[in-house]
Amino acid sequence: MAFTLVRAINDVGSVNSVENFALRLSDDDTPYITTLPRDVVVPENGTAYFDCSYENAASVEWFFQNEPLENNNKYTIYSNKSLLISPVDLEDTGFYGCKGKSFDSMSPDQVYTVQLQISHIDNMTIESFDPQPLDDQNVVTVHDPFDITCLAPKGLPRPKMWWENQKDM
């Protein structure tokens with residue numbers, strides 16, 4: 001299988017697509033992926049689940065940091081070759097490979113790689129506002145315009161923002 005991305009280039013530089021996609025190779029001797037695993041974002045101490053299946057594969061194996069995974073108290077590989085990771089901690093973040101091994105050693109194995117990330121959100125601070133408030137109480141004249149920008153905190157997934165009246169909370 002070939003993994004494809006889109007690249008754009010101009011005089012300033014180049015950028016790659018955020019999402020890659022699989023070009024599935026199909027012949028009688030090569031494993032053919034039928035269920036593509038997807039990247040996941042889970043909270044720390046949560047559970048991550050990846051599906052992955054191949055046709056025409058002698059076996060399906062999962063890898064993390066180039067090491068094969070086996071069933072233990074952290075990883076569960078089901079008979080359908082789905083992978084469960086629980087509980088997820090920082091050491092579990094990274095890229096996991098699902099390999100469909102060929103029956104014929106002359107045919108290439110096929111590997112699909114996915115990413116596990118831990119969700120988070122940074123705190124909002126005084127630096128989150130522009131202009132920055134001068135003290136706890138800012139005076140705004142009624143009917144006069146007042147613009148303030150609130151910068152979104154860093155987070156994964158990307159935080160959504162809106163304004164709320166404090167008395168509604």
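Which residues gather in a patch of negative charge on the surface?

## The charged patch

Asp27, Asp28, Asp29 and Asp104 form this patch. The model is predicted: local features need pLDDT of at least 70, side-chain atom pairs count only at pLDDT 80 or more, and totals for chains, interfaces and linings use all residues. Residues are numbered from 1 along each chain as its sequence is written, and side-chain values use heavy atoms, with hydrogens and water left out.

A patch takes residues with over 30% relative accessible area and no salt bridge, and joins like charges within 9 Å. Asp and Glu count as negative. The place of an Asp charge is taken as its CG atom. Asp28 sits in the loop between β4 (21–23) and β5 (32–35). Strands here are DSSP runs (E, at least two residues), numbered from the N terminus. Asp28 counts as exposed because its relative accessibility is 71%. The cut-offs are under 20% relative accessible area for buried, over 50% for exposed, and partly exposed in between (1.4 Å probe, protein chains only).

## The disulfide

The structure has 1 disulfide. A disulfide is a pair of cysteine sulfur atoms within 2.5 Å. Here Cys52 is joined to Cys98, with 1.9 Å from S to S. The link of Cys52 and Cys98 is left-handed, with -95° about the S-S bond.

Cys52 lies in the loop between β7 (48–50) and β8 (53–55), and Cys98 in strand β13 (residues 94–101), so the pair ties together parts 46 residues apart in sequence. Are these cysteines buried or exposed? Cys52 is buried, at 1% relative accessible area. Cys98 is buried too, at 0% relative accessibility.

## The salt bridges

The count comes to 2 salt bridges. A salt bridge is a side-chain nitrogen of Lys or Arg within 4 Å of a carboxyl oxygen of Asp or Glu. One pairs Asp89 with Lys74, with the closest N and O atoms 3.2 Å apart. Asp89 is in the loop between β12 (83–85) and β13, and Lys74 in the loop between β10 (67–68) and β11 (75–77), so the pair ties together parts 15 residues apart in sequence. Asp89 is partly exposed, at 23% relative accessible area. Lys74 is buried, at 17%.

Lys74 also forms a salt bridge with Asp92, where the closest N and O atoms are 2.8 Å apart. This pair links distant parts of the chain, 18 residues apart: Asp92 lies in the loop between β12 and β13. Asp92 counts as buried, at 4% relative accessibility. Shared partners join Lys74, Asp89 and Asp92 into one network of salt bridges.

Key: Patches are made of residues with over 30% relative accessible area and no salt bridge: like charges are joined within 9 Å, nonpolar side chains (Val, Leu, Ile, Met, Phe, Trp, Tyr) within 5 Å. Accessible areas come from the Shrake-Rupley method with a 1.4 Å probe; for residues, only the protein chains shown count as cover. Helices (H or I, at least four residues) and strands (E, at least two) are DSSP runs, numbered from the N terminus.
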